[in-house]
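Okay, thanks everyone, let's get going.

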Amino acid sequence: MTVDDTGSGTAGGRVDGQDADPGEDPLALRLEQLILGAERRYTPFQAARSAGVSMELASRFWRAMGFADIGQAKALTEADVLALRRLAGLVEAGLLSEAMAVQVARSTGQTTARLAEWQIDSFLEGLTEPPEPGMTRTEVTYPLIELLLPELEEFIVYVWRRQLAAATGRVVQAADDEEMVDRRLAVCFADLVGFTRLTRRMEEEELGELVEAFETTAADLVAANGGRLVKTLGDEVLYAADDAGVAAEIALRLIETMAHDETMPELRVGMAFGTVTTRMGDVFGSTVNLASRLTSIAPRDAVLVDGAFAEELIRTGDAPASEAEAAEAAAAAEKEGEEPPVYRFALQPMWQRPVRGLGVVEPWLLTRRAGPVA
């Protein structure tokens with residue numbers, strides 16, 4: 001949203017009453033107007049002036065949302081003006097600082113950009129196959145989007161409200177204000193083994209199907225078992241959980257599920273437990289770095305955890321400190337005529353080794369104790 005000294009606009013040809021570049025596709029402009037629900041009316045300078053904000057702040061918001069500078073083309077609508085006015089109003093009312101408002105714009109832009117790309121690449125691409133010979137995709141795209149748009153919009157708002165309610169619930173249950181930002185979490189990376197070699201052997205479409213299947217399986221297991229999927233990175237997923245036992249269950253279920261699928265590569269998993277800083281839906285800190293390092297040294301189809309994670313499982317009664325302790329506890333319970341303790345997981349100390357940037361660590365191998373899977 002860069003402006004010149006005069007703030008004057010430049011325009012190309014016109015399509016459907018809009019200022020447009022002569023090279024722009026008329027259908028693309030019609031689709032834009034359909035999706036945005038308004039015609040192009042403003043240059044960036046005019047939009048900022050109508051919203052009552054400085055051009056500098058308007059540019060910061062625009063770029064934070066992930067859009068390129070457009071000079072002084074008349075490409076903005078009433079919706080753009082309203083969005084600027086709302087964000088600036090939150091700052092003026094003292095509800096958000098200017099830096100926080102920019103962060104809101106950035107996080108929203110990044111999240112919705114990925115969603116929009118996925119919908120176009122995967123969803124709409126499949127639905128817009130010409131239904132009859134001789135028809136072009138462009139001939140069916142407009143009416144299809146016209147039908148889908150209101151339904152998708154309502155569904156996205158519904159999911160966002162659900163996610164917001166869940167996230168708010170997690171935050172307000174924090175023990176103190178500091179814990180709302182820097183929380184103690186179990187953090188887990190799950191990584192496909194040999195993915196680089198696969199990229200050289202598989203066709204692009206096959207590779208895409210494999211990645212999608214892996215991400216779908218991981219996302220479903222994480223959600224169903226009470227974790228939170230932080231992000232997917234093609235051959236790797238990152239998730240977090242408030243409870244170490246929940247994170248451990250998800251990790252083992254991931255490996256068990258993948259092992260039953262012959263089309264899937266082996267998996268390695270690394271987990272750590274500790275203080276984590278959360279920003280814009282992502283997680284940061286030494287706990288996250290340690291989980292990543294443990295993943296890189298984990299055996300195939302195995303889960304490595306750090307000492308703090310092992311201690312948390314022992315503290316909560318999800319795992320014994322050792323098999324000898326488990327046997328002693330079972331013997332004591334039998335002597336007293338009580339039910340022996342039931343442990344879900346087993347922990348085996350592994351070799352100590354230096355980890356780059358984190359010093360010497362002693363990983364623990366996490367396995368499921370003998371017995372049926374719940």
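So, what does the accessible surface of the protein chain come to, and what share of it belongs to carbon and sulfur atoms? The surface is about 21,500 Å², with 53% belonging to carbon and sulfur atoms; that's Shrake-Rupley with a 1.4 Å probe, and for residues only the protein chains shown count as cover.

Quick housekeeping. This is a predicted model, so local features need pLDDT of at least 70 and side-chain atom pairs count only at pLDDT 80 or more, while totals for chains, interfaces and linings use all residues. Residues are numbered from 1 along each chain as its sequence is written, and side-chain values use heavy atoms, with hydrogens and water left out.

Overall, we've got 13 helices and 12 strands. Those are DSSP runs, numbered from the N terminus: helices are H or I with at least four residues, strands are E with at least two. Of the 374 residues in the chain, 35% are buried, where buried means under 20% relative accessible area, exposed over 50%, and partly exposed in between (1.4 Å probe, protein chains only). Taking contacts, meaning heavy atoms within 4.5 Å, with a separation of 6 or more, 65% of them come from residues 24 or more positions apart.

Now the inside. The largest nonpolar core has 40 residues, and Met-271, Phe-309 and Leu-366 have the most contacts inside it. Helix α10, residues 244-259, gives the most to this core, with 9 residues. There's a second, separate core of 21 residues, including Leu-185 and Val-361. A core here is a set of buried Ala, Val, Leu, Ile, Met, Phe, Trp, Tyr and Cys residues joined through side-chain atoms within 4.5 Å.

On to charges. How many salt bridges does a search of the whole structure find? It finds 13, a salt bridge being a side-chain nitrogen of Lys or Arg within 4 Å of a carboxyl oxygen of Asp or Glu. The bit I like is around Glu-249, which is buried at 8% relative accessible area. Glu-249 meets Arg-253 at 2.6 Å, N to O, and those two sit 4 residues apart in helix α10, so about one helical turn separates them. Glu-249 also bridges to Arg-344, with the closest N and O atoms 3.7 Å apart. Because Glu-249 is in helix α10 and Arg-344 is in the loop between α13 and β9, that pair ties together parts 95 residues apart in sequence. Arg-344 then bridges to Asp-318 at 3.1 Å between the closest N and O atoms. Asp-318 is in the loop between α12 (307-315) and α13, so here the tie is between parts 26 residues apart. Through shared partners, Glu-249, Arg-253, Glu-256, Asp-318, Arg-344 and Arg-368 all join into one network.

Last stop, the aromatics. The count comes to 2 pairs; rings of Phe, Tyr and Trp (its six-membered ring) pair if their centres lie within 6.5 Å, with planes under 30 degrees apart stacked, over 60 edge-to-face and the rest tilted. Trp-62 and Phe-67 are tilted, at 4.7 Å centre to centre and 40 degrees between the planes. Trp-62 is buried at 11%, whereas Phe-67 is partly exposed at 43%. Phe-155 and Tyr-158 are tilted as well, at 6.0 Å and 40 degrees. They're 3 residues apart in helix α6 (137-172), so about one helical turn separates them.
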